Amino acid sequence: MSIVGVNDKQADPNVTDAERDERRAEVAAGLSRVVGARWVATDPAVLDTYTWQYTAEAITGSNWMQRPLAVAMPADTDEVAAIVRLCNTEGIQFKAISTGFGAWGAATEPDRVVLLDLRRMNRILEVDAKNMYAVVEPYVTANQLQVEVLPHGLNTHVAGCGAQHSVLASATSVMGQGWDGVSMGFSGRNLLAVEWVTPEGEIVRSGSVDASGEWFSGDGPGPSMRGIFRGYAGAFSGLGVFTKAAVKLYPWAGPGHLEVTGSNPDYMATIPEHHVAAVCVVDGWDQMAELGYRVADAEIATFMSRNAPSLMSGVLTADNNTFADLYGVPLFHEMLYALVIVITAESAEERDLKVDMLKAILSDLGGGMLANLGGPEEVRWLMRAVRVLARRIGPGDLIRSVPGAVRMLVRDARRFGLGRLSEYLPSFMYMATVTSGLNIRGVFRFGGTFWTAMGSLVSWDNAIHGAKVGAQVKRKYIDKGVIFDDGADNAWGGFYEGGTYAHLEELACYDPTDKDAADAVFEYVFETNLVSIEHHTGLPINAVGPANSALFGPHCSSYDTWQDRIKASFDPHNTADGSFYVEPDFTPNERMVAGAENVTSDRAPIDPNAPDL
Amino acid sequence: MTPRSKEQMRELVPGWEPGEDPDSCGVVHARTAEDVVEIVTKARGSGVRLRARSSAAPHSTVGAGDTEAVVVDLSELRAIQRIDRRNRVLLIEPGVTFDKLVVPLAAAGLQAALPLCPRPGKSALAAWLDREATIVPRRQWDISDPLLCVDAVLGTGDRLRTGSAAGPGTLEEQWAAGEAQKGPMGPGHADWMRLFEAAEGAMGMVVWASVKAEVLPSIETAWVAGADTLAPLVEITYRVLRRNAVDICFLVDRPTLTDLLAVDADRRPSVERSVSAWNLVMSTAGLEILAQRRHDLSVDIVRTEVRAAGARLVDPPPGGRDRLLHILRRPSEGMYWRDRRAGAHRRLYFQTTLDRAGQFVDLAHATVADEGFDRSCLGVYVQPQLAGRQCTVEFLLCHALDEEAASRARSVATALAGRAAAVGAFFSRPLPDVPVPGLVTDATGDFLTRVKAMFDPQCVFSPGALGIGGTD
């Protein structure tokens with residue numbers, strides 16, 4: 001998830017270095033009175049550590065964002081509110097970050113923004129196991145919460161960016177797609193009551209916590225405050241700071257602790273009793289659509305996601321050489337139409353029922369699966385999967401797959417032992433899916449970084465439509481040699497709320513030190529945004545921030561103008577840095593304009609009815 | 001508002017009629033969304049105030065004190081624009097009532113997320129927009145479910161489509177691209193649909209909505225677990241919801257279950273004798289694939305959990321499980337079920353967690369005793385929501401049709417609301433003319449005022465209502 005297009009604000013040329021240092025010292029003194037001098041940073045060497053950010057190169061053209069005026073580390077809500085009020089008084093801006101995952105956690109205007117680094121607010125305040133929710137502070141990570149709640153027979157939604165993300169930030173402020181959405185929803189929809197420091201420095205508690213001190217509901221009385229600050233994308237700290245949040249937890253029919261063997265970066269999990277991990281393979285997008293709808297209707301999946309061969313190979317392997325080995329095996333390289341499905345159950349009877357339902361669906365679709373079914377059934381369904389792939393690649397490539405496949409099996413046997421060889425793939429996919437701890441390596445490693453595009457939250461059919469046109473856009477940039485060749489179709493995504501809606505985002509891996517690549521990715525994002533409009537594939541993952549709101553607003557009920565009014569009403573002094581949300585004085589910079597012109601003069605050819613790759 | 005002649009009103013509000021409702025300044029019937037836009041646009045320039053109505057009588061009491069508001073009757077916007085089995089979604093206008101939904105949905109292999117036996121003439125969209133609790137908690141992912149996207153006319157005369165319905169593209173273009181208006185959030189950085197919920201029309205008039213539907217089970221069986229107290233049934237509720245074993249799931253006391261089952265008054269005594277003091281009503285279902293096995297597994301789970309909690313599964317009276325399921329999967333038949341006991345009723349409802357429900361039940365019994373209200377006229381309905389994370393507790397105060405009895409019930413409801421709020425009841429959505437002390441805090445009031453100023457700066461909509469007030 002990323003954003004293109006922020007203001008090109010430069011330091012005021014009329015302010016001397018000495019004046020700027022004096023201003024910084026004044027603000028630091030004020031911050032120190034709130035949090036103590038120990039928790040305020042103004043040293044340029046420290047401040048610049050907050051400016052080197054993932055995706056900065058595509059946004060700014062360099063690897064750096066702007067230096068903040070200061071960094072403060074508040075310990076509690078009162079300190080956050082005091083800092084926000086100080087910023088209002090001083091006529092400067094603030095931006096809150098917790099675990100952080102990209103340029104949107106940084107300042108875009110030099111020496112005007114106080115960063116609130118919320119890492120000291122890291123407590124799980126409450127786990128109400130009976131009523132299945134937890135109350136967390138900003139720096140509680142998904143991994144931290146998952147470890148805490150699994151022993152209660154509960155689990156938490158983990159976003160696609162990996163288990164180290166802030167639960168609160170994802171729920172209140174930033175996106176929230178994930179592998180587990182079919183059973184654990186989308187981050188923003190898992191939010192219950194919150195504690196919110198508004199842009200004016202007021203401490204507001206929403207819903208039931210305001211009325212009774214209990215955190216079970218965030219909606220009401222009357223219209224919900226969530227309507228203002230969350231939405232699809234979240235406000236990226238552009239509308240205040242969230243200091244406590246209650247999030248929904250979900251039933252977990254598994255052990256309180258996952259058994260994992262191996263060491264970094266090679267792990268293997270023991271799939272618990274009554275759990276099944278399956279890579280379900282079918283013939284093409286049409287069958288993928290059917291598979292998704294039918295499995296969702298049947299209510300059997302706890303985790304369900306689409307991972308293209310490039311991503312799956314990247315997640316499964318720990319280095320690029322091994323990746324190349326695996327990805328080069330035709331059998332694996334062409335495993336395009338597959339869903340990773342994890343079934344969890346509390347009894348053998350429940351497990352068998354769900355597996356039999358999955359088999360019935362796959363039989364009907366002519367599919368197969370690689371799954372920990374055990375015994376002859378496992379082999380039978382594996383052979384069905386191989387047959388599906390053989391139909392695709394033909395006998396020649398099937399034979400050519402053997403040496404590479406054997407090489408990978410030998411490698412895995414050396415690492416985990418011959419006895420566990422057959423369980424390696426399902427075991428790894430199980431662990432990757434359930435803990436979401438290693439998945440992000442599947443996109444960062446090839447070029448050093450990645451961006452993403454398309455990815456609207458829509459019906460599964462429309463998500464697939466988006467994946468098809470997104471891949472055609474990406475092909476243009478792969479052919480130019482500026483984006484890693486992942487086969488073009490590297491659409492990752494999943495299902496949410498029992499399959500009510502879904503998403504497929506088109507990942508693009510590239511070298512962040514290559515200026516041409518950074519510029520090209522900027523253009524790739526812009527072009528995928530254009531095709532989202534032209535091919536009605538929904539509001540994409542990049543429809544965030546002032547530039548894209550202006551692009552999409554006219555096509556979507558002019559929502560941008562209403563966002564502007566929210567910002568004006570709730571942040572009248574523009575104290576919350578809205579660079580990635582709503583910015584009253586936004587104007588596109590030269591780089592944006594040039595990129596847009598490049599795209600419009602050289603559009604990728606799109607055939608929405610193109611045959612499967 | 002300055003008194004105006006009929007001629008003036010007709011000029012200001014196209015299609016205006018005097019109407020017969022003494023609590024309004026006439027009525028105007030909208031037949032299309034464009035009509036609504038035109039009515040609002042004319043009204044906002046003239047100081048005329050509007051309030052929406054979409055259900056059959058009885059109507060909302062919100063704004064009834066302001067007799068100068070013109071009712072915008074949306075009941076003729078009654079198209080079911082789309083039923084989409086593949087995506088389990090329907091798209092309806094506000095005049096579509098619950099009694100018009102069951103048959104066409106079933107024909108498509110779907111069913112709606114119904115509230116507990118709603119009035120047949122109740123606008124389905126209005127009920128869901130009010131966050132009326134529905135009876136299948138395990139499929140309620142968000143308190144706004146089953147609503148997904150809405151198209152609202154704002155007080156400015158603008159239209160705002162929410163969620164994935166916003167665009168890009170018209171509805172038809174989206175359908176052609178495989179989209180079915182299923183993404184509930186956004187567009188963009190705000191969740192616009194939530195700002196129209198539980199607002200009683202104060203923020204905008206919704207002219208259509210996309211709504212989640214459920215797969216129609218091929219096998220479904222109703223169950224009642226009975227007990228002498230509420231506590232063991234609450235425990236069972238937690239457990240069967242945690243296991244995803246039941247679809248329909250709610251708790252009622254004996255009088256309330258009798259209200260639901262005794263469609264004919266002469267059967268009431270026998271029905272009442274046959275039900276337990278407290279009842280957990282559930283259903284187990286099998287959908288399409290391996291439906292019987294799925295159903296049977298759920299039955300096993302229910303039996304095990306009921307036994308473990310020391311409760312008992314009882315035979316639903318009279319007519320058995322099929323009759324019970326028939327009742328629960330449709331709008332109320334005959335006399336509205338909440339009126340069956342005494343002719344009329346007043347509802348008091350709020351949210352809490354299931355483990356606290358019993359505390360509020362005790363409070364209700366104590367309050368009716370203190371107020372001298374006939375205890376046999378109190379009913380209790382506890383509806384788990386969000387798969388058991390919270391619940392709506394409803395107290396039903398049944399009363400005779402006369403004004404004095406209604407006033408008495410209102411007085412008891414007011415006392416009970418005050419006591420419940422004092423110990424943590426969360427009144428999250430419209431409550432018909434019962435004041436709740438401290439309901440709208442400064443923070444909430446400030447939020448509502450700012451949103452109102454944004455969407456309806458000239459206060460065209462629902463005078464007097466800002467998220468508080470309503471009816472069933």
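**Figure 1. The interface between chain A and chain B in the predicted model**. About 7,600 Å² is buried between chain A and chain B, and carbon and sulfur atoms give 58% of this area; buried area is the accessible area (1.4 Å probe) that two parts lose on being put together, summed over both. The size of an interface is often given in this way, as the accessible area lost when the parts come together. Chain A contributes 95 residues to the contact and chain B contributes 88 residues, contact meaning heavy atoms within 4.5 Å. Residues are numbered from 1 along each chain as its sequence is written, with chains lettered from A and ligands numbered from 1 in the order in which they are written. As this is a predicted model, local features need pLDDT of at least 70 and side-chain atom pairs count only at pLDDT 80 or more, whereas totals for chains, interfaces and linings use all residues; side-chain values use heavy atoms, with hydrogens and water left out.

**Figure 2. Salt bridges and polar contacts between chain A and chain B**. Between the two chains there are 18 salt bridges, each defined as a side-chain nitrogen of Lys or Arg within 4 Å of a carboxyl oxygen of Asp or Glu. One of the salt bridges pairs Glu497(A) with Lys212(B), whose closest N and O atoms are 2.9 Å apart. Polar contacts between chain A and chain B involve 44 residue pairs, both residues being at pLDDT 80 or more; such a contact is a pair of N or O atoms within 3.5 Å (within protein, one must be able to donate a hydrogen and the other to accept it, and residues adjacent in sequence count only if both atoms are side-chain atoms). On the side of chain A that touches chain B, helix α14 (residues 348-365) gives the most, with eight residues. Helices (H or I, at least four residues) and strands (E, at least two) are DSSP runs numbered from the N terminus. That side of chain A comprises 44 nonpolar, 31 polar and 20 charged residues; Ala, Val, Leu, Ile, Met, Phe, Trp, Tyr, Cys and Pro count as nonpolar, Asp, Glu, Lys and Arg as charged, and the others, Gly among them, as polar.

**Figure 3. A salt bridge within chain A, between Arg20(A) and Asp111(A)**. The closest N and O atoms of this pair are 3.2 Å apart. Arg20(A) lies in helix α1 (residues 17-35) and Asp111(A) in the loop between β3 (93-97) and β4 (113-117) of chain A, so the pair ties together parts that are 91 residues apart in sequence.

**Figure 4. Backbone geometry at Met132(A), Pro168(B) and Pro187(B)**. Most residues other than glycine have a negative phi, and most peptide bonds are trans. Met132(A), although not a glycine, has a positive phi of about 55°; its place is in the loop between β5 (124-128) and β6 (133-136) of chain A. The peptide bond from Gly167(B) to Pro168(B) is cis, with omega near 0°, and Pro168(B) is found in the loop between β9 (159-161) and α5 (171-176) of chain B. A cis peptide bond also joins Gly186(B) to Pro187(B), with omega near 5°; Pro187(B) is found in the loop between α5 and α6 (192-196) of chain B.

**Figure 5. Residues 467-472 of chain B and the confidence of the model**. Chain B has a mean pLDDT of 93, with 96% of its residues at 70 or more, pLDDT being the predictor's confidence in each residue, from 0 to 100. Over residues 467-472 of chain B, pLDDT stays under 50, and the model has 32 contacts beyond four places in sequence for these residues.
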